[in-house]
Amino acid sequence: MRTTHPGGRGAAEGHPPVPVVLAGARGHGRWHLENIRRLAGEGLVRLAGVCELRPLDAEELGDGFGEPGPEQSGDLGALLARTGARIAVICTPIHTHADLALTAAAHGAQLLLEKPPAPSYAEFTRLRDGLAELGAACQIGFQSLGSHALPAIRKLIADGAIGTVRGIGAAGAWARDEDYYTRAPWAGHRTLGGRDVIDGVLTNPLAHAVATALRIDGADRAEDITALELELYRANDIEADDTSCLRIRTCWGTTLTAAVTLCAEEPGEPYVVVHGDQGRITFWYKQDRVRVERAGAPPETTHYARTDLLENLAAHVRDGTELLVPPDRTGAFMRVVEAVRTAPAPVPLPADAWRTEPGAGASAGAKRRVVTGIDQLVAAGAERLALYSELRAPWAAPPAEVPHP
């Protein structure tokens, strides 16, 4: 079944739409533009401005924002000052997040900041402390953490539905064409122009797998991680990792693993699985779908609703509704980002470990690199709470243990 979400038009009854500025409306920013369009149609928000170095044309902007349409500028501070927007949605390159977020906060805006919030723990601390000093609310864009499945899963665990938890595994087998890494100057980089970027599979495309597992365990704050091991690899000709795994020990004594790749043979839906001694719970977080399996009972599958993070932030602006993903609730994830940042450079996979196949992109001659057997390794990592080296991947080296911060 699918539960219903009581939000929507009634949630803002009696309130004018909250004015919003979107910084970064191309690339992934198009998703935010469409989401703002949807919420504007429900009377919850109003697109007051778009911040892009090159203004959107009429076709890119589309309909639904009224006339004469939102203001456009390449200067976020000036745009916020002119429009008086109360919310800034920031979907720009990772290494620009902290500066733009603090600029927006200084102009009185509350924030929806795309993940990862920063490319280093020092930048995250500067961001968090600066926002606190300015009195600005900030929602970090881990959309999966708005799923109503998460409190339901935590209740199932607390009620003993699957017995004692043995561990939590996350798995993500996705595919990206080679031109995914040429779409922007920062894509696939660890650094750019002397600045940290850390655009790897664990920290950006499949970051939700890590953050969702941490939230399920209730170990999402920085102090909740007690140990961390990493294995970082790459098949593509990039600086960052595209095929990696990690293992975390949390303050609750939980072992948490994540095995991920952007070089899948058969791409599938990422998931998090909670292993208990009397059953298991699998959560396909992009689909808000949960399956509970217990000995002696048929599997039970439930589809849940999701609270949109911008809608939640708008409600916070209107009436103080509690934010779903404030910065402190991503501190543990930022420990992962910092571990990836300070780890040795990802190990290039040997040429016989991967092959080239036609890509899925629209560009002529699109190609992608595929790691042989990686789908099975990803699944086994989540199932056995193991790293690639422990699963005897022929190209895997022993893990690097990251000192406790």
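Student: Which helix gives the most to the lining of the largest cavity?
Tutor: That is helix α7, residues 207-217, which contributes three residues to the lining. Keep in mind as we go that this is a predicted model.

Student: Okay, and how many cavities of 30 Å³ or more does a search of the whole structure find?
Tutor: The search turns up one cavity of 30 Å³ or more.

Student: Which residues line the largest cavity?
Tutor: Its lining is made of F142, L145, A211, L214, R215, D220, R329, T330 and F333. By type, five of the lining residues are nonpolar, one is polar and three are charged.

Student: How does anyone look for empty space like that?
Tutor: A probe the size of a water molecule is rolled over the atoms, and that shows where empty space is left.

Student: What kinds of residues are in the lining of the largest pocket?
Tutor: The lining divides into 16 nonpolar, 15 polar and 13 charged residues.

Student: What about the second largest pocket, what volume does it have?
Tutor: The second largest pocket has a volume of about 230 Å³. Thirteen is the number of residues that line the pocket, and L145, L150, P151, R215 and L324 lie nearest its centre.

Student: Which helix gives the most to the lining of that second largest pocket?
Tutor: Helix α6, residues 149-158, with three residues. The whole lining of the second largest pocket splits into five nonpolar, four polar and four charged residues.

Student: Nice. New topic: strands. How many residues of strand β13 are buried?
Tutor: Six of the six residues in β13, residues 271-276, are buried.

Student: Which ones point which way?
Tutor: Y271, V273 and H275 point one way from β13, while V272, V274 and G276 point the other way. The residues on both sides are buried.

Student: In what sense does β13 pair with strand β7?
Tutor: β7, residues 165-173, pairs with β13 in the antiparallel sense, over six bridges. In that pairing, I168 stands opposite V274.

Student: And what do β13 and β14 form?
Tutor: A hairpin, with two residues between the strands. β14 covers residues 279-284, and its pairing with β13 is antiparallel over five bridges. Here V273 stands opposite T282.

Student: Now single residues. Where is A259, and is it buried or exposed?
Tutor: A259 lies in strand β12, residues 255-261. A259 is buried, because its relative accessible area is 0%.

Student: Which residues is A259 in contact with, leaving aside its neighbours within four places in sequence?
Tutor: They are A170, A171, G172, S244, C245, V378, G381 and Y388.

Student: How far apart are A259 and A207?
Tutor: They are 52 residues apart in sequence and 11 Å apart in space, C-alpha to C-alpha.

Student: Last one: R369. Why is R369 called buried?
Tutor: R369 counts as buried because its relative accessible area is 17%, and the cut-off for buried is under 20%. Its place is in strand β19, residues 367-371.

Student: What does the side chain of R369 make a polar contact with?
Tutor: With the side chain of E178, at 2.9 Å. A polar atom of the R369 side chain also lies 2.8 Å from the backbone oxygen of A235.

Terms used:
Residues numbered from 1 in each chain as written. Predicted model: local features only at pLDDT ≥ 70, side-chain atom pairs only at ≥ 80, totals over all residues. Heavy atoms only, no water. Helix = DSSP H or I, 4+ residues; strand = E, 2+ residues; numbered from the N terminus. Buried < 20%, exposed > 50% of the residue type's maximum accessible area, 1.4 Å probe, protein only. Contact = heavy atoms within 4.5 Å. 1 Å grid on protein atoms, 1.4 Å probe; cavity = no way out; pocket = protein on both sides within 12 Å on 5 of 7 lines; lining within 4 Å. Points joined across faces, edges and corners; volume = space filled by probe spheres on them. Nonpolar A, V, L, I, M, F, W, Y, C, P; charged D, E, K, R; others polar. Pairing = 2+ DSSP bridges. Polar contact = N/O pair within 3.5 Å; in protein donor to acceptor, adjacent residues only side chain to side chain.
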